[in-house]
Amino acid sequence: MRIIYRQSGIDRRLSPRCGPWARTSERPFAHGLARVLIGLALPAIIALPAAAEKNKTTQKPVDSSWYAQIFARSDTGVNVTHMWSLKSKFRAETVARGHKVVTIVRGDTYYVYDDLTMSGIAIRRAPAAMAADSRNPRPFGNEAQILIEEGGEKIREETIVGQRADVYQITDGDGRRMVWVTQDDRRLPIRVEVFGRKSGSTRYKEYVDWVVGLPLTDAFFEPAPGVQLERFEFDEYIAKTIERDPVVAIPILYGELLHGRTPH
């Protein structure tokens with residue numbers, strides 16, 4: 001596992017996309033996706049410089065922007081997801097069955113679209129989801145904090161991918177969740193395992209690469225120019241979902257960012 005610290009202006013691979021996004025009444029695509037897995041994150045460990053000269057301010061870690069590459073596997077297959085965040089703004093890209101599904105969350109709107117067909121939906125977020133933006137350090141990678149708040153307990157310590165970690169576990173009526181979390185002050189997950197009692201299957205998710213302090217801009221968290229988006233109020237989207245309307249068949253992979261966290 002690599003952990004990299006980048007300063008502004010170094011990494012030019014992440015050139016921002018900008019431009020207006022179109023509204024349309026065209027119905028978006030419908031295609032299959034792997035079962036939704038919980039997101040997680042691993043802290044970037046930043047080596048701070050030595051103490052600065054007298055009368056100079058010591059450089060502090062830049063924690064406002066994050067990138068992670070995540071491998072997820074379950075009975076339905078394996079997929080790779082790239083995630084970025086800038087404060088409360090969030091972007092994720094997952095390729096499934098040849099389609100790149102892009103999720104962008106910023107302010108009061110949750111966007112999800114297929115980068116291949118250039119169509120998708122934009123949904124107004126629930127108040128509970130927006131309220132959580134100010135409470136969480138970033139939009140993803142909060143599994144350890146949530147598990148502990150719900151009563152999870154430390155069961156052991158292990159070395160994982162060359163790093164010492166605390167292992168937390170919680171068991172309830174739905175099954176069992178385990179989180180391997182770093183022992184630094186950020187206390188962020190390295191690995192998550194979720195066993196579903198009803199399905200009898202286990203899902204896994206691991207982070208293999210982390211970068212902190214990328215020179216991300218607000219424009220990077222905008223849908224690509226030319227994407228055709230159907231816009232919904234939150235209640236309208238829920239109603240169409242209950243009706244199984246194909247107009248909302250595109251998968252919502254990060255439901256907690258749309259409707260807020262659902263207690264286990």
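In which strand is the place of valine 208? Select valine 208 in this predicted model: the residue belongs to strand S13. Its relative accessibility is 31%, so valine 208 counts as partly exposed, the class between under 20% and over 50%.

**The largest nonpolar core**

Next, turn to the interior. In soluble globular proteins, nonpolar side chains tend to be buried together. The largest nonpolar core here has 28 residues, and the members that touch the most others are Met83, Phe90, Tyr110, Phe140, Tyr237 and Tyr254. To see where this core comes from, colour the elements that each supply at least two of its residues: strands S3 (65-74), S5 (89-96), S6 (99-106), S7, S8 and S13 (202-212), with helices H3 (234-242) and H4 (256-259).

Now centre the view on methionine 83. Leaving aside residues up to four places away in sequence, methionine 83 is in contact with Trp66, Tyr67, Ala68, Ile70, Phe90, Arg91, Ala92, Phe140, Lys205, Tyr207 and Tyr254.

**Threonine 103**

Move to threonine 103, which is placed in strand S6. Is this residue buried or exposed? Threonine 103 counts as buried because its relative accessibility is 1%, under the 20% cut-off. With residues up to four places away in sequence again excluded, threonine 103 touches Phe90, Arg91, Ala92, Tyr110, Tyr111, Val112 and Tyr254.

**Two loop residues with positive phi**

Select methionine 118, in the loop that joins strand S7 (109-114) to strand S8 (119-124). Its phi is near 55°, a positive value in a residue that is not glycine. Methionine 118 counts as partly exposed because its relative accessibility is 24%.

The last stop is valine 161, found in the loop between strand S9 (153-160) and strand S10 (163-172). What is the phi of valine 161? It is about 45°, positive although valine 161 is not a glycine. With a relative accessibility of 43%, valine 161 therefore counts as partly exposed.

Technical notes. Residues numbered from 1 in each chain as written. Predicted model: local features only at pLDDT ≥ 70, side-chain atom pairs only at ≥ 80, totals over all residues. Heavy atoms only, no water. Helix = DSSP H or I, 4+ residues; strand = E, 2+ residues; numbered from the N terminus. Buried < 20%, exposed > 50% of the residue type's maximum accessible area, 1.4 Å probe, protein only. Core = buried A, V, L, I, M, F, W, Y, C linked by side-chain atoms within 4.5 Å. Contact = heavy atoms within 4.5 Å.
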